[in-house]
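The sequence and structure come first.

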Amino acid sequence: MNVLGIETSCDECSAAVVRDGHEILSNVIATQIELHKPYEGVVPELASRLHTEWIEQVVQAAIAKASLSVREIDAIAVTSRPGLLGSLMVGLNFAKGMAATLDVPFITIDHIRAHLYASQIEQPLQYPYLGLLVSGGHTVICKVNGYDDVDVMGTTIDDAIGEAFDKVAKHYGLGYPGGVVIDRLSKSGNPTAFLFPGNTMDEDHPYDISYSGLKSAVINQLDKFWDGKSEKSNENIAASFQRQAVGMLVRRVRRALKDTGMKRLSAGGGVAANSLLRAELKEFEKDGITVTFPSLKLCTDNGAMVAGLAWRYLKDGCRDDFTVGPSARVNAFKKQYD
């Protein structure tokens, strides 16, 4: 089954063709980063306009790179939630029109579940496992019981980890996107030059996390946490911030693994590309934990994760009709199809 997956939930316009859920025939990603850089963040109206201009070319490129004709596409999947409404509508309406024209099955996909599933395309992992979703808009620790069965254990109560990276980078003029530049600068910085405070675990909600306090400390109270001798360089600020931001998350993952007794862990989302996070999570392998990540090309928003997850739904007989609309909100991880 050749599934075309379309992803336009934010600022990446992507289309991919995945065969039988695991063989990625193409994965075209048209990034808008350079066009949003002057604003140091995603401008929703600009994002949706660019999707409108680019989507036909991106889809055509994905089918061509898969060495298929359009009539060899067996099903079409598209992200319908959560995300920027204008961006979601572009992808959703294009996918509906194409599916109707080709008379092939149509199915909508939850962006969060797609990120959690991404590593399964390349490195199948037995259910259940502990899932970690880290991106610009979401920070979630969850028990993944199946591809459509997710129990949330903890989440951010304010900023997502990726959002905190972007805001710190913006304040210090480091560049956009913040996560990429902070990770790069950190490699030549001293991670103990600033001993920023971390959010302590609440015993009633031990897996929840807050990044607003750390973000405020880095932006507004730099001198208070300075070691008094290191250079106050961008590299040292970035390394010290990243050390605490990642450390807070890893401590909660460690607690979740201990409390659940799980021996399998998978991370997904844009921040799963962070080099320190990947290294820290890999350390759990010393305790007998199997740890998987998507390849870097599947960490950011992409059509392959949409098509890969869609294949699982389609194989189980799930379909959508053309009345499905976009939603900006997470659906609280309720099962999508019963």
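## Strand β4 and its neighbours

Strands β4 and β5 (residues 106-110) run parallel and are joined by 5 bridges. Strands count as paired if DSSP finds at least two bridges between them, and strands (E, at least two residues) and helices (H or I, at least four) are DSSP runs numbered from the N terminus. The model is predicted: local features need pLDDT of at least 70, side-chain atom pairs count only at pLDDT 80 or more, and totals for chains, interfaces and linings use all residues. Residues are numbered from 1 along each chain as its sequence is written, and side-chain values use heavy atoms, with hydrogens and water left out.

Strand β4 also pairs with β1 (residues 2-7), in the parallel sense and over 4 bridges. I76 of β4 stands opposite L4, and in β5 the bridge partner of I76 is F106. β4, helix α3 (residues 85-102) and β5 form a right-handed β-α-β unit; right-handed means that, with the strands pointing away from the viewer, the path from the first strand over the helix to the second runs clockwise. How many residues of strand β4 are buried? Of the 7 residues of β4 (residues 75-81), 7 are buried, so the strand is largely enclosed by the rest of the structure. Buried means under 20% relative accessible area, exposed over 50%, and partly exposed in between, with a 1.4 Å probe and protein chains only.

## Cysteines

The disulfide count is 0, a disulfide being a pair of cysteine sulfur atoms within 2.5 Å. For C299, the closest cysteine sulfur is that of C142, 15 Å away and therefore too far for a bond. C318 is in no disulfide either, as its nearest cysteine sulfur, again in C142, is 20 Å away. C299 is buried, at 0% relative accessibility, and C318 is also buried, with a relative accessible area of 13%.

A cavity is a set of points on a 1 Å grid over the protein atoms alone where a 1.4 Å probe fits but cannot get out, and lining residues have an atom within 4 Å of a point. The largest cavity has a volume of about 50 Å³, where volume is the space filled by probe spheres set on the points, and points are joined across faces, edges and corners.

R113, L116, Y117, Y127, Y129, V144, G146, Y147 and V150 line the largest cavity. Helix α4 (111-122) and strand β7 (139-146) each supply at least two lining residues, and α4 gives the most, with 3. By class the lining has 7 nonpolar, 1 polar and 1 charged residues; Ala, Val, Leu, Ile, Met, Phe, Trp, Tyr, Cys and Pro count as nonpolar, Asp, Glu, Lys and Arg as charged, and the others, Gly among them, as polar.

## Backbone exceptions

Most peptide bonds are trans, and most residues other than glycine have a negative phi. The peptide bond from Y127 to P128 is cis, with omega near -5°; P128 lies in the loop between α4 and β6 (129-134). The bond from Y176 to P177 is cis, with omega near 0°, and P177 is in the loop between α5 (161-171) and α6 (178-186).

E40, not a glycine, has a positive phi of about 55°. E40 is in the loop between α1 (33-36) and α2 (44-65) and is partly exposed at 32% relative accessibility. D103 has a positive phi near 55°, lies in the loop between α3 and β5, and counts as exposed at 71% relative accessibility.

Terms used:
On a 1 Å grid over the protein atoms alone, a cavity is a set of points where a 1.4 Å probe fits but cannot get out, and a pocket is an open set with protein on both sides within 12 Å along at least five of seven lines; lining residues have an atom within 4 Å of a point.
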